[in-house]
Amino acid sequence: MTIRPLVLLPDPILRETSNPVERVDDQLRKFADDMLETMYDAPGIGLAAIQIGEPLRMLVIDLADKDEAPAPLVVINPEIVARSSALNVHEEGCLSIPDYYAEVERPAEVTVNFLDRDGKAQSIKADGLLATCLQHEIDHLNGVLFIDHLSKLKRDMVVRKFKKLAKDRPPAQMVG
């Protein structure tokens, strides 16, 4: 497994819409393992493929506590097919927007249809943190960041901060 570099705001790839996965095969499963390894290393609880520069409709989640065995969920081509009218507020953060957190209001429950790592059709009805995490990661696949759910003033402040940080960051070294 390989830990991949994270794409950070303001990289424009984060605003791209991801493409559907055409085929679930060993290469895609290896990519899923890389995504999980990257997410665990960060550390985070969810990661969309676009966050490591691959515009594929795929995400991984693991909500297991540190003292529990890992419980990875690989979600391919997710589609939210139902949302509750009841809302819930969770404090969210994002591996692509490090060290920034804000409360976001989203539907309290969602039903998501997807393919698992074996290419089998699945459906999950989620609430609580899992519902929030699924919605957050699916937003990534549509070029939407959690800061887009904040006021324009807060969002603009965050974007300005990360643009300045990007200017101050040394350029990435090309490998290969």
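**Close-up views of a predicted model**

Pro10 is placed in the segment before helix H1 (26-41). The model is predicted: local features need pLDDT of at least 70 and side-chain atom pairs count only at pLDDT 80 or more, while totals for chains, interfaces and linings use all residues. Residues are numbered from 1 along each chain as its sequence is written, and side-chain values use heavy atoms, with hydrogens and water left out.

View 1. The bond from Leu9 to Pro10 is cis, with omega near 15°. A cis bond also joins Ala42 to Pro43, with omega near -10°. Pro43 sits in the loop between H1 and strand E1 (46-48). Helices (H or I, at least four residues) and strands (E, at least two) are DSSP runs, numbered from the N terminus. Most peptide bonds are trans.

**View 2. Asn77 in strand E3.** Strand E3 (residues 73-83) contains Asn77. Although Asn77 is not a glycine, its phi is positive, about 50°. Most residues other than glycine have a negative phi. Asn77 has a relative accessible area of 22% and is therefore partly exposed; buried means under 20% relative accessible area, exposed over 50%, and partly exposed in between (1.4 Å probe, protein chains only).

**View 3. Asp99 in strand E5.** Asp99 belongs to strand E5 (residues 97-107). This residue, not a glycine, has a positive phi of about 65°. Its relative accessibility is 67%, so Asp99 counts as exposed.

**View 4. The open sheet.** Five strands make up an open sheet with antiparallel pairing, in the order E1-E2-E3-E6-E7. E1 and strand E7 (121-127) are the edge strands, each pairing on one side only. On average, neighbouring strands of this sheet are turned by 40° against each other, direction ignored. Two strands pair if DSSP finds at least two bridges between them. Axes are lines fitted to C-alpha atoms, for helices over the stretch in contact, and angles run from 0 to 180 degrees between N-to-C directions.

**View 5. The pairing of E2 with E3.** Strand E2 (residues 58-61) runs antiparallel to E3 and is joined to E3 by four bridges. Met58 stands opposite Ile76 in E3.

**View 6. Helix H1 on the sheet strands E1, E2 and E3.** H1 lies across E1, E2 and E3 and runs at about 45° to E2. Contact means heavy atoms within 4.5 Å.
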